[in-house]
Amino acid sequence: PYRLGPKISDWDEQRSKSIQSRPTKLLMVTGSQPNPCDNPTGDNFLLRSLKNKMDYARLHEIEVFYNTATMDDQLTGFWAKLPVLRRLMLARPEIEWLWWLDSDAVVTDMAFEIPLAKYAGHNLVLHGWASEVYVTGSWLGLNTGSFFIRNCQWSLDLLNAWAPMGPKGTVRIKAGEILSQNLRNRPVFEADDQSALVFLLRNNQQMWGERVFLENSYYLHGYWVALVDRYEEIMEKNQPGPGDERWPFVTHFVGCKPCGKDPAYPEEKCRVGMERALNFGDNQVLARYGLRHKHLGTTETVNLDSS
Ligand code: UDP
Ligand code: MN
């Protein structure tokens with residue numbers, strides 16, 4: 001099968017030599033295509049979406065890595081995150097956790113503290129449900145738009161086991177047919193990284209399942225359709241911090257393609273939702289400087305004390 005690079009089998013030992021006594025470190029990893037977006041408003045969205053991620057990262061002293069390079073010419077598009085994560089693991093052995101965050105995912109709870117200690121016995125943390133992944137086999141049973149992966153040998157091995165359906169062209173198209181035949185309600189399209197992971201975990205639960213944490217006590221990924229119309233009510237009733245229903249940590253614009261073509265939802269609905277999510281997140285940053293958005297639909301700001 002397709003390999004991501006030369007075989008490495010002693011990564012845990014190699015890493016331990018570089019670690020010494022530094023605290024647990026988390027690196028936020030995101031990225032986008034190097035070229036301008038097809039959709040003219042997409043570049044503005046990408047800029048503000050990166051600003052949003054940098055705001056969260058700065059407030060929580062998390063380093064950010066933004067990738068625009070094609071790190072593996074076979075693993076393009078949604079598969080690009082695999083080689084990026086692998087290369088970062090190898091280049092930064094002192095880093096314990098990497099947090100992949102899609103470009104179309106917005107941090108909407110700036111006060112949420114990531115409970116990394118909770119994942120001590122696990123190496124991969126995704127939003128999802130065990131029954132949906134292992135029993136139903138739904139391609140929506142977990143989400144690969146926002147996840148934590150530990151820098152360790154297990155993860156290098158997992159990335160290699162995950163990659164074979166990724167090479168663009170015939171391999172990816174054929175693999176897509178297999179995924180649609182085997183996963184619940186999956187439409188016919190080329191193999192995507194999310195479906196491939198569900199398929200891998202479901203077929204090899206004994207091998208990988210033990211170290212995979214499917215998180216649903218907060219929105220590590222939150223489906224935007226269910227969240228974007230609730231922000232005013234949330235601000236009225238709750239305080240930032242919980243990351244769950246009360247104040248969602250991440251709002252992910254699944255199916256919106258802000259930078260590309262052929263969204264699964266009307267473009268207008270996506271644009272309105274993204275604007276609201278960005279301003280909702282930004283309000284939590286601006287509050288420190290005595291400002292807020294006039295309302296969630298506008299970039300315009302007002303002074304907190306004069307409103
Ligand atoms: N991505 C990337 N480089 C690319 C294409 C995509 O880094 O050339 C990243 C980007 O962050 C995007 C994620 O991969 O959000 C998932 O890709 P997908 O095509 O699913 O985009 P989405 O639907 O999330 O916008
Ligand atoms: Mn996405």
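Buried means under 20% relative accessible area, exposed over 50%, and partly exposed in between (1.4 Å probe, protein chains only). This is a predicted model, in which local features need pLDDT of at least 70, side-chain atom pairs count only at pLDDT 80 or more, and totals for chains, interfaces and linings use all residues. Residues are numbered from 1 along each chain as its sequence is written, chains are lettered from A and ligands numbered from 1 in the order written, and side-chain values use heavy atoms, leaving out hydrogens and water.

**Stop 1: the disulfides**

Select cysteine 256. At 2% relative accessibility, cysteine 256 is buried. Its disulfide partner is cysteine 270, S to S 2.1 Å (a disulfide is a pair of cysteine sulfur atoms within 2.5 Å). This link is left-handed, with -85° about the S-S bond. Cysteine 270 is buried too, also with a relative accessible area of 2%.

Now select cysteine 37 and cysteine 259. Their sulfur atoms lie 2.3 Å apart in a disulfide. The S-S torsion is about -105°, so this disulfide is left-handed. Cysteine 37 and cysteine 259 are both buried. The whole structure holds two disulfides. Numbered in sequence order, the bonded cysteines pair 1-3, 2-4.

**Stop 2: the metal**

Go to the manganese ion (ligand 2). Its protein donors are Asp102 (OD), Asp104 (OD), Asp104 (OD) and His252 (NE2), 2.2 to 2.6 Å from the ion. Donors are N, O and S atoms within 2.8 Å of the metal (3.2 Å for Na, K and Ca); water is not among the atoms, so sites may look incomplete. The donor spacing in sequence is D-x1-D-x147-H. Aspartate 102 and aspartate 104 are both buried.
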